[in-house]
Amino acid sequence: MSPKKVKWRKTMDEARIVEESGAKGYGTQESKLKLSKVQSAGMAAAMAALVISLCLPANVYLTKTGIKTVGILVAFLIMLVTEALPVVVTSLIFCGLMPVTGVTPDLGTALTGYSEPIVFFTLASFGIAAAMTTIPLSKRILRFPGRISGAL
């Protein structure tokens, strides 16, 4: 066997061993159900930011709707940074919160920004980046100049 096949087989065997041993990792069912301290604190901080923004009165600088919008944005950013929930779930929850809190009149208005072409470009960019990091193609591309020059 060539060294490349042995190397690939070794990583596949390691993955199988980890899977069979039931080691706790990111992809196991048990790890998906428990929240870490950071995730729990993030969820609590996001809820606190949302509740505070809903209770604040309008002032000279922002209307009541503006304060709610800023509160939703702050809570959304806290949830994204702490990764309390998956990004898709967080996004859907906060899109649903916009009409519930009165920031937008209905769900259709809350989702109008998703019809812009830049959103699809960004999604495609993230998809390509995820595919490049998942498969070993990126490593092969990075090693190619080294093999040509004789460094590797």
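Modeller: Start with Phe-94, which is buried, with a relative accessibility of 8%. The cut-off matters here: buried means under 20% relative accessible area, so Phe-94 qualifies. Keep in mind that this is a predicted model.

A search of the whole structure turns up one aromatic pair. Phe-76 sits in helix H4 (residues 64-82) and Phe-94 in helix H5. The two are 18 residues apart, so the pair links distant parts of the chain.

Now follow H5 to its end. Between helix H5 (87-101) and helix H6 (107-110) runs a loop that holds Thr-104. Is Thr-104 buried or exposed? Thr-104 is buried, at 10% relative accessible area. A polar atom of the Thr-104 side chain lies 3.3 Å from the backbone oxygen of Asp-106. Leaving out residues up to four places away in sequence, Thr-104 touches Met-98, Pro-99, Thr-109 and Ala-110.

Back to H4, the helix of Phe-76. Helix H3 (residues 37-55) packs against H4 at an angle of about 180°, with the axes 8 Å apart. That angle makes the two helices roughly antiparallel. On the H3 side, the contact includes Val-38, Ala-46 and Leu-50. On the H4 side, Ile-67, Gly-71 and Ile-78 are among the residues involved. By type, the contact residues divide into 14 nonpolar, five polar and two charged.

Methods:
Residues are numbered from 1 along each chain as its sequence is written. This is a predicted model: local features need pLDDT of at least 70, side-chain atom pairs count only at pLDDT 80 or more; totals for chains, interfaces and linings use all residues. Side-chain values use heavy atoms; hydrogens and water are left out. Helices (H or I, at least four residues) and strands (E, at least two) are DSSP runs, numbered from the N terminus. Buried means under 20% relative accessible area, exposed over 50%, partly exposed in between (1.4 Å probe, protein chains only). A polar contact is a pair of N or O atoms within 3.5 Å; within protein, one must be able to donate a hydrogen and the other to accept it, and residues adjacent in sequence count only if both atoms are side-chain atoms. Contact means heavy atoms within 4.5 Å. Rings of Phe, Tyr and Trp (its six-membered ring) pair if their centres lie within 6.5 Å; planes under 30 degrees apart count as stacked, over 60 as edge-to-face and the rest as tilted. Axes are lines fitted to C-alpha atoms, for helices over the stretch in contact, and angles run from 0 to 180 degrees between N-to-C directions. Angles under 35 degrees count as roughly parallel, over 145 as roughly antiparallel, 65 to 115 as roughly perpendicular and the rest as oblique. Ala, Val, Leu, Ile, Met, Phe, Trp, Tyr, Cys and Pro count as nonpolar, Asp, Glu, Lys and Arg as charged, and the others, Gly among them, as polar.
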